[in-house]
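This report goes through one structure by topic. The sequence and the model are shown here, and the notes follow.

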Amino acid sequence: MLREVAARPAGLFGLVVVVALVLIAIFAPLLSPYEPSAQKISDRLQGPSGEHLLGTDDIGRDLLSRLFFGTRIALGVALPAVLGALLVGLVVGTIAG
């Protein structure tokens with residue numbers, strides 16, 4: 001099945017994105033340059049720079065670190081939702097068939 005998905009350009013792109021998101025979620029503590037909840041008021045609302053690649057928010061938290069750790073939460077919500085929809089779809093499809 002993976003060969004068939006990877007044979008198409010759109011399928012390969014989707015596969016690469018999903019694998020990248022899973023790797024980011026797994027290795028978030030190693031990839032993050034700062035603690036995602038650490039506040040530094042003196043660095044608030046900075047734009048992208050060498051110190052903060054995506055900038056900072058209104059209370060000085062690093063956005064790149066928050067993005068990495070947010071990936072964990074997003075995948076933690078998406079995976080059960082997709083599996084639940086798959087289970088319901090299989091049951092309804094089996095009954096309909």
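## Salt bridges

Lys40 and Asp43 form a salt bridge, with 3.5 Å between the closest N and O atoms. A salt bridge here is a side-chain nitrogen of Lys or Arg within 4 Å of a carboxyl oxygen of Asp or Glu. The model is predicted, so local features need pLDDT of at least 70 and side-chain atom pairs count only at pLDDT 80 or more, while totals for chains, interfaces and linings use all residues. Residues are numbered from 1 along each chain as its sequence is written, and side-chain values use heavy atoms, with hydrogens and water left out.

Over the whole structure, the search finds 2 salt bridges. Arg61 pairs with Asp57, and the closest N and O atoms of that salt bridge are 2.7 Å apart. Burial is judged by relative accessible area: buried is under 20%, exposed is over 50%, and partly exposed lies in between (1.4 Å probe, protein chains only). Lys40 is partly exposed because its relative accessibility is 43%, whereas Asp43 is buried at 9%. Arg61 counts as buried because its relative accessible area is 18%, and Asp57 is buried at 11%.

Asp62 is in the loop between helix 3 and helix 4. Helices (H or I, at least four residues) and strands (E, at least two) are DSSP runs, numbered from the N terminus. Asp62 is buried but has no salt bridge, and the nearest side chain of opposite charge, that of Arg66, is 8.8 Å away. For charge, Lys and Arg count as positive and Asp and Glu as negative; His and the chain ends are not counted.

Which side chains make polar contacts with the side chain of Asp62? One is His52, at 2.9 Å, and another is Ser65, also at 2.9 Å. A polar contact is a pair of N or O atoms within 3.5 Å; within protein, one must be able to donate a hydrogen and the other to accept it, and residues adjacent in sequence count only if both atoms are side-chain atoms. Setting aside residues up to four places away in sequence, Asp62 touches Pro33, Tyr34, His52, Gly55 and Thr56. Contact means heavy atoms within 4.5 Å.

## Start of helix 4

Helix 4 covers residues 63-96 and includes Leu64. Leu64 counts as buried because its relative accessibility is 13%. Beyond its neighbours within four places in sequence, Leu64 is in contact with Pro33, Leu53 and Leu54.

With neighbours within four places left aside, Ser65 is in contact with Ser32, Pro33, Tyr34 and Pro36.

## Ala28 in helix 3

Ala28 belongs to helix 3, which covers residues 28-31. Ala28 is buried because its relative accessibility is 0%. Not counting residues up to four places away in sequence, Ala28 touches Phe68, Phe69 and Arg72. From Ala28 to Arg66 the C-alpha distance is 9.5 Å, although the two are 38 residues apart in sequence.

## Nonpolar surface patch

A nonpolar patch on the surface has about 1100 Å² of accessible area together, and its members include Phe13, Leu21, Ile26, Phe27 and Leu75. Helix 2 (9-26) and helix 3 are the elements that give two or more residues to this patch. The most comes from helix 2, with 8 residues. Patches are made of residues with over 30% relative accessible area and no salt bridge; like charges are joined within 9 Å, and nonpolar side chains (Val, Leu, Ile, Met, Phe, Trp, Tyr) within 5 Å. Accessible areas come from the Shrake-Rupley method with a 1.4 Å probe, and for residues only the protein chains shown count as cover.

Phe13 lies in helix 2 and is exposed because its relative accessible area is 60%. Ala20 is also in helix 2, and Ala20 is partly exposed at 33%. Ala20 and Lys40 are 20 residues apart in sequence, and their C-alpha atoms are 29 Å apart.

## Backbone at Leu45

Leu45 has a positive phi of about 55° although it is not a glycine. Most residues other than glycine have a negative phi. Leu45 is in the loop between helix 3 and helix 4, and counts as exposed because its relative accessibility is 55%.
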